[in-house]
Amino acid sequence: MFLSELNALKLWGADIGNAYLEAFTEEKIFIVAGPEFGDRKGHILIISKALYGLRTSGARWHDRLFDVMKDMGFSPSKNDPDIWMRPSSDGEVYEYIAVYVDDLAIVAKDPAEICQTLKDKFKFKLKGDGPLEYHLGCGYWRDPDGTLVADPKKYIEKMMEWYEKEFGEKPRKMKTPLEPGKHPEIDESPECSEKDQSRYLTMIGQLQWLVALGRFDIFCATMTMSKFRPAPREGHISRLKRMYGYVSETRAAAIRFRTTEPNYDNIEAPQHNWMRTVYGNVKEVMPEDAPEPKGKTVVTTSYVDANLYHDVVTGKAVTAVLHLLNQTPIDWYSKKQSTVETATFGSEFSAARTATDQIVDLRNTLRYLGVPVQERSYLFGDNKSVVTNATIPTSVLSKRHHALSYHRVREAVASGFLLFHWIDGKKNPADILSKHWTFVSVFPMLKSLLLWRGETKVIKDEPTVSDKDKAN
């Protein structure tokens with residue numbers, strides 16, 4: 001979707017009807033015809049199509065689609081084999097088809113021609129082919145200024161319908177996903193009934209998919225509450241009800257695809273000499289088999305944060321990372337760290353290492369999609385000690401158990417492709433992903449990331465700050 005907006009391509013969707021039946025099975029299967037077959041009753045019938053339910057039907061459909069895509073000039077991306085790409089007819093950009101079983105998202109200069117080819121040449125029965133309006137639970141539309149919006153409002157409506165059916169009431173509206181300062185891991189309320197345990201699993205599944213659809217503001221809360229799926233308590237399901245109330249109150253939040261490059265002219269890149277360090281004349285490792293880059297250049301921006309002692313039972317911190325392509329949130333991460341850190345410095349450095357690894361992966365993903373990537377990526381963190389230790393050659397390692405994080409981040413900085421810069425914690429949007437926040441503390445950031453229309457306008461049903469909100 002981002003690349004369609006970046007390179008001014010058209011975005012279409014299509015659903016292949018009875019997709020598996022477009023392929024032939026390689027299994028040797030037969031049935032004995034019953035009375036419903038009329039004169040053929042009692043005959044042995046050999047199954048030739050890849051029927052739904054057969055063990056290998058998914059693989060056979062994949063093989064069939066592979067042959068069709070190859071015939072149309074598409075090749076699978078080496079980063080994701082379910083994304084097919086080919087140069088446009090004028091050779092200026094790449095066109096893409098993203099496949100999810102039988103759902104297609106088509107980014108091309110003439111997607112209608114692609115759909116017509118699938119119908120006429122390959123006899124596919126396409127349903128809903130046309131400009132993309134709904135895909136995998138997310139709606140797509142445009143703001144008055146033309147900005148493309150990915151909006152999970154329909155999915156949220158289905159969530160609320162399920163909630164009302166199960167609990168017989170609407171969820172109470174809330175301004176935050178979870179109550180700040182509270183720790184569900186020390187909840188000692190009675191364990192849920194068997195029925196509520198089933199509800200809990202369903203609710204967690206719905207919330208996790210909502211996170212995937214762009215609602216990263218509930219990621220930290222969803223990650224926290226997912227831990228209790230094996231044996232949830234009544235207090236835990238009460239917290240999920242609160243999260244449903246927050247989602248209901250903020251249905252208008254959505255991802256907007258803003259492709260204008262951010263202006264970082266006011267950020268000076270430090271001119272340090274790393275030659276006399278262990279890294280020497282290190283350079284970014286570039287993939288040798290990536291396709292030729294075409295189209296407009298992309299700038300990656302990432303924000304990182306860690307929340308020490310997030311879990312008071314295990315003592316583990318949370319790593320949070322938010323990635324943007326130009327000015328569009330594109331990926332988000334919130335997860336408990338695998339080790340227990342005794343100080344903020346250690347947890348923040350571990351988070352910076354995770355962010356660095358993800359930035360490398362994101363840059364290579366773009367390269368394998370044929371996207372020109374700016375020479376430098378920007379990483380922002382709110383811990384001055386970590387930023388200083390990672391960006392100044394003469395800074396020394398004080399604790400050996402931080403060595404992997406220390407050298408991973410410093411090598412990326414020394415190679416020149418990563419600029420690690422400090423920002424005020426109050427302006428770090430990764431805070432949304434690292435802790436159970438108050439409405440007032442994150443609303444200015446949420447407003448610009450999920451609520452503003454186009455470039456500057458705020459949507460009408462945006463929540464406002466009141467004394468009651470501050471209390472929540």
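**Note on the pocket, surface patch and salt bridges**

1. The largest pocket holds about 1400 Å³ of space, a pocket being, on a 1 Å grid over the protein atoms alone, an open set of points where a 1.4 Å probe fits, with protein on both sides within 12 Å along at least five of seven lines. Its volume is the space filled by probe spheres set on the points. Of the 39 residues that line this pocket (those with an atom within 4 Å of a point), M1, I83, A98, Y140 and I330 are the closest to its centre. The lining comprises 28 nonpolar, seven polar and four charged residues, where Ala, Val, Leu, Ile, Met, Phe, Trp, Tyr, Cys and Pro count as nonpolar, Asp, Glu, Lys and Arg as charged, and the others, Gly among them, as polar.

2. The model is predicted, so local features need pLDDT of at least 70 and side-chain atom pairs count only at pLDDT 80 or more, while totals for chains, interfaces and linings use all residues. Residues are numbered from 1 along each chain as its sequence is written, and side-chain values use heavy atoms, with hydrogens and water left out.

3. On the surface, F30, V32, I44 and I46 form a nonpolar patch with about 470 Å² of accessible area together; such a patch joins nonpolar side chains within 5 Å, from residues with over 30% relative accessible area and no salt bridge. Strands β2 (30-32) and β3 (44-46) each give two or more residues to the patch. I46, in strand β3, counts as exposed at 70% relative accessibility (buried means under 20%, exposed over 50%, and partly exposed in between, with a 1.4 Å probe and protein chains only).

4. The whole structure contains 26 salt bridges, each defined as a side-chain nitrogen of Lys or Arg within 4 Å of a carboxyl oxygen of Asp or Glu. In one of them, D15 pairs with K127 at 3.7 Å between the closest N and O atoms, linking strand β1 (residues 10-16) to strand β8 (residues 126-131) across 112 residues. K127 is partly exposed, at 48% relative accessible area.

5. R60 and D63 form a salt bridge at 2.8 Å, N to O; because they are three residues apart in helix α2 (residues 57-71), about one helical turn separates them. R60 is buried at 15%, whereas D63 is partly exposed at 32%. Together with E26, both belong to a network of salt bridges.

6. E113 and R86 also meet in a salt bridge (3.8 Å, N to O), which links helix α3 (residues 111-120) with strand β5 (residues 83-87), 27 residues apart. Here E113 is partly exposed at 36% relative accessibility, and R86 is buried at 16%.

Notes:
Patch = residues over 30% accessible without salt bridge, like charges linked within 9 Å, V, L, I, M, F, W, Y side chains within 5 Å. Areas by Shrake-Rupley, 256 points an atom, 1.4 Å probe, with all protein chains shown as cover. Helix = DSSP H or I, 4+ residues; strand = E, 2+ residues; numbered from the N terminus.
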